[in-house]
Amino acid sequence: MSTSPIVVVGALEDPHVRAIHDGLVERGHEPYVFNAQLFPEQMRIAAGASSRSIAIDGRSLGTPVAAYVRSLYQNPAGFGVDADDAMKEDWRRTMLAFRERSTLLSALLQRWEHNGTAAYNPSSSSGNINKPYQLALLESAGLPVPATLWSNDPEAVRRFCTEHEAIYKPVAGGAATRKVEPRDLTTERLSKLESAPVCFQELLPGDDVRVYVIDGKVVCAMRIETDAIDFRQNEKKIAAIELSDEVAQQCIEATATLGLRFTGMDIKGDREGRYRILELNPSPMFLGFEKLAGVDITGPLCDALVAHASA
């Protein structure tokens, strides 16, 4: 393995990893693909306390100048992770193994970042991506966010839904957003909160917009036409749009507030047509948006990575 100035973290079977890898090759750079799926069965890592003592399969990678971080595949239930059989056989041991694996892999990225690697996105920002914390940070920075309640308290939920026409969704995501109906506020229904908290949020009836920001610049924004509350898998049309200077600046400030170099963020119009920030994704998918809206995100992201190698 030769020293490489740019690292792509993820598996080439992921189309987004492949797109960035190929884009870098087209620009004259041969990135090192750090496929965390191979660790520990097919990848050997030795990391000492010295800042330079990191060896992968027996060779030092040095300190990359830049890294595109798609995934470390740290969650046994995550996308691209095949751990079903291991979880069924011994879920406790599997979870402990994932914890050990995840700790070392995260430490490698943190050490690279500490030594100067420009990470898209850095492990140091991961704490800011927790959704309840994320919105709290944005609100405290004076950025527009929807009224939101994360709770397992039935009375608090009833009060919130009395004050707001509301939707609900999982705290961490992963399931469709639904509108709160009267039947959702019954004692029997709210008793389900005993098993897990839920995110309740004011209903925003305006436009759905996806915005991509790279290195403090909005590279594209798209309006998503849909008849559903949750546009995911319900898109009727996606078209590139221009944001006002005010909204573009809010998107840039939100990205900086969370310590991200690259994000795909969702904003949505309220009843007065003002955009509110729903969430920022540190490793967003973008190929589908490129295809449907005729925008370029891969190019600017590859250019950003290459710029660090040329500096």
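Which residue in β6 is the bridge partner of Val 7? The partner is Ala 67.

## Basis

This is a predicted model, where local features need pLDDT of at least 70, side-chain atom pairs count only at pLDDT 80 or more, and totals for chains, interfaces and linings use all residues. Residues are numbered from 1 along each chain as its sequence is written, and side-chain values use heavy atoms, leaving out hydrogens and water.

## Strand β6

Helices (H or I, at least four residues) and strands (E, at least two) are DSSP runs, numbered from the N terminus. Strand β6 spans residues 66–69. Strand β1 (residues 6–9) pairs with β6 in the parallel sense, over four bridges. Pairing requires that DSSP finds at least two bridges between two strands. Strand β7 (residues 118–120) also runs parallel to β6, joined by three bridges. There, Tyr 68 has Tyr 120 as its bridge partner.

Both faces of β6 are covered. Ala 66 and Tyr 68 are buried on one side, Ala 67 and Val 69 on the other. Buried means under 20% relative accessible area, exposed over 50%, and partly exposed in between (1.4 Å probe, protein chains only).

## Helix α2

Arg 101 lies in helix α2. Arg 101 is buried yet has no salt bridge (a side-chain nitrogen of Lys or Arg within 4 Å of a carboxyl oxygen of Asp or Glu). Glu 41, the nearest side chain of opposite charge, is 5.9 Å away. Beyond its neighbours within four places in sequence, Arg 101 has contacts (heavy atoms within 4.5 Å) that include Phe 39, Pro 40, Leu 72 and Tyr 73.

Gln 110 is also in α2, which covers residues 84–114. Gln 110 is partly exposed, at 42% relative accessible area.

Methods. Lys, Arg positive; Asp, Glu negative; His and termini not counted.
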